[in-house]
Amino acid sequence: MAAGVRLLLALASHLGHGAAVAPVEIGSFAPAATPSADIENLTASNFEEKVLRPVNSSAYMAIVLFRKGHFFLELYRNAKSRFDSGVRSREFLLFRPLRFFVMDCTNQANEEICQRHTKGRYPSLMSFRGPYVQRFNRFSWYQESVSYWVGRASRPAYIIVENMEQWLGQEDQAVPCFLLVVSKPDPELLLRYEALAMELMEFQNFHLAVDNGGEKWKDLPGTRPSIHFIANKELHLEAPPFELAFDQDLMRPWVIISSLPTVRHQINFYMWELIPIGWSVVVLRHHGDHDAVERFQERTKAMREALRYSFVHLDVSTESGNGFAMTFFPLIAAYWEDYIPYFTDVQDPRIFVFTKTHADGTLYWDSHYIDFPSPDDFQLEDVDQLMRKSPALDPIDFAEWPHWFLRYERFGGRSSVHRAIWLCAPFVSFYLFLYFSLWFFFFVRAIQESGLFSLFSLSGKASQAAPERVKKPKKGKKNR
């Protein structure tokens, strides 16, 4: 083992209980642990004994499903079976035993523990691993996505690489990879790097290397400590410039921004899964305006380097784009009233910002509600102002009538003509309803007075003729 590797392993042991995951060399994974035979039931009385105490002592890692009902239990069993097969085939690499549990949150005795960990969101799938608790934050629950998440959640937080050849080989990975290079022990930095890796390890790989000042890492620029990025070219990712030695607090936003597609990619359901909880994204909402997207990309290039927001675009003229908007941003989507001839300006691009709050929830701020510059002139300060002054919109809070009201308020706010149409629309709708109702009433009344109903009733009675009597055959004379 190289001297740098010995240094890092000694440093990991020096960190004590704060380091939940010791660094692991490439190719040095221990033999895969045998998965538990079945999913174990948890109760309030044995939760600490079976989960908290063994996990904090590094005896094993625990995957816990907090459920109400039985539908997701079957999916959980199938995902575990898929994961067990992956462990045997070395598709998933474990460095510590893993056990699966389930807790029935309909049981009154378990309610306090369930509420503490799930905040009332069911089902909730969580990984308990030392001081870290990870949540399954996918929008959709499928057997493959659950087993993949379990595999990622149970792998080492970061892996040691010893030379440039090993590092460059990570370009073939299906996810972006990050490398922290240190020249001397820094327990605080390593703990922060580990916490970052634990938070984002589902869609990123993290590595660690030591630079003793020789020729091994001379091709990696920057002063040590430094952090570096590599990704498969098919992912089309671009990392903005970053100097770790300048400010370590920016390491997390830099990793997030580097892992998300750039402006030229439209946000979709797959990209939604990549966005961490609590991260904010600035979106150009447009109606097939590709020139506006090009200008938006050019304008946000420098803003992206500020490491405060990610930038994408959303084309509501496409079925996929508008379907995505209706799912997460109902007032951003395009509806039939936006296509009224002459009175519409649905094609005009505008900015909105959203923050992902949980797996299928968001808060968003629409520039329609405040005086906001055009997408060609806005600054980061305008985005901050938008999030402070514009009302935060939550799709969950919109019942049917507030949603309709806000839609028509949005339509009426475009001009005085739109406002007049918006104000008159309810009265016109009521007038047309009353008008056609009266016409239908008088039409039915006229038919009744014309005697057609009685004619129809007589013809109906005539059609019900009495059944024809069947004559019985006469009895024949008896043969004498």
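Helices here are DSSP runs of H or I with at least four residues, and strands are runs of E with at least two, both numbered from the N terminus. With that in hand, you can find Leu432 in helix α14, residues 416–449. This is a predicted model, so to speak of local features we need pLDDT of at least 70, side-chain atom pairs count only at pLDDT 80 or more, and totals for chains, interfaces and linings use all residues. Residues are numbered from 1 along each chain as its sequence is written, and side-chain values use heavy atoms, leaving out hydrogens and water.

**The nonpolar cores**

- A nonpolar core is a set of buried Ala, Val, Leu, Ile, Met, Phe, Trp, Tyr and Cys residues joined through side-chain atoms within 4.5 Å.
- Buried means under 20% relative accessible area, exposed means over 50%, and partly exposed is in between (1.4 Å probe, protein chains only).
- The largest core here has 52 residues, and Tyr193, Phe206, Val255, Leu314, Phe329 and Phe354 have the most contacts inside it.
- Helix α7 (residues 187–200) gives this core its largest share, seven residues.
- Apart from that core lies another one of 23 residues, including Met61, Leu73, Leu94 and Ala153.
- Take a look at Phe354: beyond its neighbours within four places in sequence, its contacts (heavy atoms within 4.5 Å) include Ile267, Trp272, Phe329 and Trp365.

- Most residues other than glycine have a negative phi, and most peptide bonds are trans.
- The bond from Tyr122 to Pro123 is cis, with omega near -10 degrees, and Pro123 sits in the loop between α4 (111–118) and β5 (124–129).
- Arg224 and Pro225 are also joined by a cis peptide bond, with omega about 5 degrees; look for Pro225 in the loop between β9 (205–210) and β10 (226–230).
- Ser58 has a positive phi, near 65 degrees, and belongs to the loop between α2 (47–56) and β3 (61–67).
- Leu307 has a positive phi too, near 60 degrees, in the loop between α10 (290–304) and β12 (310–315).
- Is each one buried or partly exposed? Ser58 is partly exposed at 36% relative accessible area, while Leu307 is buried at 6%.

**A nonpolar patch on the surface**

- Val428, Tyr431, Leu432, Tyr435, Phe436 and Trp439 form a nonpolar surface patch, with about 670 Å² of accessible area together.
- A nonpolar patch joins Val, Leu, Ile, Met, Phe, Trp and Tyr side chains within 5 Å, using residues with over 30% relative accessible area and no salt bridge (a Lys or Arg side-chain nitrogen within 4 Å of an Asp or Glu carboxyl oxygen).

Methods. Patch = residues over 30% accessible without salt bridge, like charges linked within 9 Å, V, L, I, M, F, W, Y side chains within 5 Å. Areas by Shrake-Rupley, 256 points an atom, 1.4 Å probe, with all protein chains shown as cover.
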